[in-house]
Amino acid sequence: MKSVILIVGLALVVGATALLAGDAVVPQKSAAVSFRSVVTANGPVLYPYSIAAGDLTHNGIPDLAVVGVEEPALLHGLGKGNGRFDRWSDTGNAGDAPDFVIFADVDLDGNLDAVSADGDEPFVTVAFGDGKGNFNHGVQPRTGRGYDTQEVAVADLNGDGIPDLVGTSIGAAGSPGGIFILLGKGNRTFAKAVNISSGGHKPNGIAVGDLNHDGIPDLVVANSLSSSGPGNVAVLLGKGDGTFEKPVRYQAGVYSPWQVVLGDFNGDGNLDLAVLTIDGDDEDKIYVLLGNGDGTFGKAKAYRSGMYPGSIAVADFNGDGILDLAVANVTGPKPSHISILLGNGNGTFQPPIAFPVGVNPASLITADFNHDGKPDLAALTGSSGITVLLNTTPFPTQPASH
């Protein structure tokens, strides 16, 4: 598959990707997948909430950022190229109670910046990177809502060549929450926030991509609730001027869609979506909805994801040219796992393959941490740990056709 990541940095970031559908893949015979664990036992943040990966210093090696409500700062460490990290620093701001962070080049200076949401306040923090592994305190544009923010994505929503911010707010008691849009004005400033309906209540995950091949970014939002109870996944097609059509709702699970990722899972050149849900049973589900290429989706199909999934990521983990899914299974105290669902190339997925990690893995991301050309995984584990799973899968000697 040939996908384009707009604005967002080196790694594919959960819930905050901006994608365009590209060339169809040529499915290859499915191969096995394997990982080995490299554990950083003592992370920089007590009770971390979110992790991001990207190349902060232009050396081709992914670096990490971690935020958490017990350490309200942007903690970031530089990658050593072997799955480990050092030179942890707290330069840069991340709000009062940061619970989400991504890397993106927001000011178009060629350096990755850190964008974080605040779990207690109605604003987004953008800490601008200097390309040397440092951040300033940046700006904090307000979201226009009197309650906390959840997830944020970065993309050019109105076609002016300037990155914009779009994200979700879950809302105060009795409020459905919604989507906020902060259009970039250049010079590290943003227009006043515009707020629109998410098509449900308590939206959390958000992804941005061109769902109907018109060259305009569209939105997909996971609403954990609706006015009648069960949540939904809502699609909002972009108009090209920073505004969106009314949300179209799709059922995905019986209770609580939580996070969403986009990718071409069946090789037809159209973006599909995978939704992580918390249905309240012993084994929660991932639901996959295949895109029709016109902004609509087919009926959701459920796949086992392992117990209590907490985060989801997408990449080709076994080098067969087919996108796979990774899920952090938040179980405790032990055993806890990251599960891989290998794609079959036709939009279906195989049963999960579990790899042990530390306690309660969360905020899963993927990047090539040891520079061997294979996507690895990193998750927050325990009260302050970081677990990196290095990909040891024997990739095909000839790359898959694209």
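The legends below describe close-up views of one predicted model.

The model is predicted, so local features need pLDDT of at least 70 and side-chain atom pairs count only at pLDDT 80 or more, while totals for chains, interfaces and linings use all residues. Residues are numbered from 1 along each chain as its sequence is written, and side-chain values use heavy atoms, with hydrogens and water left out.

**View 1. The largest nonpolar core has 17 residues.** A nonpolar core is a set of buried Ala, Val, Leu, Ile, Met, Phe, Trp, Tyr and Cys residues joined through side-chain atoms within 4.5 Å. Buried means under 20% relative accessible area, exposed over 50%, and partly exposed in between (1.4 Å probe, protein chains only). The members that touch the most others are Ile51, Leu64, Ile365, Phe369, Ile386 and Val388. At least two residues of this core come from each of S4 (48–54), S5 (63–68), S6 (71–79), S29 (362–367), S30 (376–381) and S31 (385–391). These are strands, which are DSSP runs (E, at least two residues) numbered from the N terminus. S31 supplies the largest share, three residues.

**View 2. Val388 and its contacts.** Contact means heavy atoms within 4.5 Å. Beyond its neighbours within four places in sequence, Val388 is in contact with Arg36, Ser37, Val38, Gly83, Phe85, Phe369, Leu377 and Ala378.

**View 3. Phe35 and Phe355 form an edge-to-face pair.** Rings of Phe, Tyr and Trp (its six-membered ring) pair if their centres lie within 6.5 Å; planes under 30 degrees apart count as stacked, over 60 as edge-to-face and the rest as tilted. The count by this rule is seven aromatic pairs. For Phe35 and Phe355 the centres are 5.2 Å apart, with 75° between the planes. Phe35 is in strand S3 (residues 35–40) and Phe355 in strand S28 (residues 353–357), so the pair ties together parts 320 residues apart in sequence. Phe35 counts as buried at 11% relative accessibility, and Phe355 counts as buried at 12%.

**View 4. Phe103 and Phe135 form a stacked pair.** The ring centres of Phe103 and Phe135 are 6.2 Å apart and the planes are at 5°, so this pair is stacked. Phe103 lies in strand S8 (residues 98–104), and Phe135 in the loop between strand S10 (124–127) and strand S11 (149–155), 32 residues apart. Both Phe103 and Phe135 are buried.

**View 5. Arg188 over the ring of Phe128.** A charge sits over a ring if NZ of Lys or CZ of Arg is within 6 Å of the ring centre and within 35 degrees of the ring normal. The charged end of Arg188 is 4.2 Å from the centre of the Phe128 ring.

How values were computed:
Helix = DSSP H or I, 4+ residues; strand = E, 2+ residues; numbered from the N terminus.
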